[in-house]
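Thanks for coming. I will take a few minutes to walk through one model, and you can follow along on the screen.

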Amino acid sequence: MKKTTIICFLSFIFISLSSGEINRYNRKIEFGVEAEGGFSNNYIKATDILVKDLVIDIAKLADDLYGKDFVVDFNVGAKTWLALNFSEKFRLNFFLGVDASGYSSISQNFFDLLCKGFDVNSSEKIDVKLFGDVYALSGFTFKTKIKDYGLHFTPVLFTPLFHVNETKATARYTSNEEGLIRAEADLPLSIYSIVDLDGIEDNVKDSAFVQDMVAEIIKNTGFDFTGEIERPFSSSFDLGLFTRIPIVPGRLKYKAYKRYWGVFEQKNTLGLLNETNSYTKEYGDDDAVYSRVTKTVHRPFILGLEGAWRPFGKWCTILPKVNLAVRNPYSDEAEVYGEYNLSADFRLLNIVGLKFATAYENLIFKHSMGFMINAHVLEIDAGVQTRGADFARSFGVTGFAAYVGLKAGF
């Protein structure tokens, strides 16, 4: 028993003092699968919903959101891979995956209107924004080492399956002293897709449709390249510079357009007292219009730095990361934003581990806690996440996400 304890202690010391790379590699040959999913808003907490009688105070919501939009988002992803880690000079990882995300926001003055009404002789516009993407991905990562520099090369083939343009819906309301109250809303929604959505419910049962879909995916695949160079600056600190460069856009050949609208008008409001007022209300949606239109789509451009600091050895790794991203590069929809991720990874003999992280990614704040159990031939990683577009409220479970991964090999 005493000998076993000494051996374990010496092994722990050896592992802790040995030099490392930014990422961990636990198996020479590894097969893995992972999946994640999450959603959030930036105001309503889980504790507000999980009650017997649900009450949402619109007035308080409007006051708390002052100067901010109300945001709802989601993401879903899955990935599988085969990795060959023969040495630090030859690491090769083949992967397949799918990634979906969406984002929507509505301006705060909408809630002001609901709870406070509007002033006479006033006019205001309410903005609604939404966008989203679904991608299928395949590629490989090759890593080698030349002198003290680690080099990563990741060419990726991606196929956009669906793309929702950044859609800006509007709602306007107007009032005057003559008793006119008028409100109107317009939401034009365009969805680009890899296959024709017209009659898709019937078509999916046809084998010819499936063959055509596969052919469209192959023909309209895009290409981008991710590269990274990393270097150890001491036995406990590694730093890497990375970028993703969009090169060939993916293409979507079909467009489905649908418009939702509504108009409310009240004339001579005071006439409600003697029934001399005039009132009209209309709302609905136009028939969907399907067309063949080519839409080019790139995944975001990324440029950033990441590091790995092991102040006490490999059992404790601090992983900072910061980058600049450009969504929809090379287009008039381009949007520039920053991202960061700061995580702490604690492992005991690389058998059990805990990981904590806080991040801002895809315009959403995320705070994660996960665990790892590694029996070498089999490893399980899982975790949960609170999230939201508002930093302070994201700690209060305004959103939730979970992930799980399974790795096997030797």
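This is a predicted model: local features need pLDDT of at least 70, side-chain atom pairs count only at pLDDT 80 or more; totals for chains, interfaces and linings use all residues.

**Charged pairs and the strands around them**

I will start with a salt bridge: the side chains of Asp 345 and Arg 347 meet with an N to O distance of 3.3 Å. Buried or exposed, where do Asp 345 and Arg 347 fall? Both residues are buried.

In total, the count comes to 20 salt bridges.

Glu 379 counts as buried because its relative accessibility is 1%, and Lys 407 counts as partly exposed at 21%.

**A run of antiparallel strands**

Next, the strands, taken in chain order. Strand β14, residues 335–348, is joined to strand β15, residues 352–361, by nine bridges, and the two run antiparallel. Within this pairing, Asn 341 has Ala 359 of β15 as its bridge partner. β14 and β15 form a hairpin with three residues between them.

β15 in turn pairs with strand β16, residues 364–374, through ten bridges, again antiparallel. Val 352 is opposite Ile 373 of β16 in this arrangement. The hairpin of β15 and β16 has two residues between the strands.

From β16 we go on to β17, and this pair is antiparallel over ten bridges. Phe 371 stands opposite Ala 382 in β17. The hairpin here has three residues between the strands, and His 376 takes a positive phi near 70 degrees.

Then β17 is joined to β18 by nine bridges, also antiparallel, with Ile 380 opposite Leu 406 of β18. How many of the eleven residues of β17 are buried? Eight are, so β17 is largely enclosed by the rest of the structure.

**Positive phi angles in the loops**

Now the backbone. Most residues other than glycine have a negative phi. Leu 349 is not a glycine, yet its phi is positive, about 55 degrees. Leu 349 is in the loop between β14 and β15. Its relative accessible area is 26%, so it is classed as partly exposed.

Asn 328 also has a positive phi of about 55 degrees although it is not a glycine. Asn 328 lies in the loop between β13, residues 316–327, and β14. At a relative accessible area of 7%, Asn 328 is buried. One more case is Asn 362, in the hairpin of β15 and β16, with a positive phi near 55 degrees.

At least two lining residues each come from α4 (109–116), β4 (123–146), β5 (149–175), β6 (181–193) and β9 (250–267). Which element gives the largest share of that lining? That is β6, with seven residues. By class, the lining has 16 nonpolar, two polar and four charged residues.

As for the largest nonpolar core, it has 14 residues, and Tyr 135, Leu 137, Ile 194 and Leu 252 touch the most other members. β2 (70–87), β4 and β5 each supply at least two residues of this core. β5 gives the most, with three residues.

That is the end of the walk-through, and I am happy to take questions.

Key. Residues are numbered from 1 along each chain as its sequence is written. Side-chain values use heavy atoms; hydrogens and water are left out. Two strands pair if DSSP finds at least two bridges between them. Helices (H or I, at least four residues) and strands (E, at least two) are DSSP runs, numbered from the N terminus. Buried means under 20% relative accessible area, exposed over 50%, partly exposed in between (1.4 Å probe, protein chains only). Ala, Val, Leu, Ile, Met, Phe, Trp, Tyr, Cys and Pro count as nonpolar, Asp, Glu, Lys and Arg as charged, and the others, Gly among them, as polar. A salt bridge is a side-chain nitrogen of Lys or Arg within 4 Å of a carboxyl oxygen of Asp or Glu. A nonpolar core is a set of buried Ala, Val, Leu, Ile, Met, Phe, Trp, Tyr and Cys residues joined through side-chain atoms within 4.5 Å.
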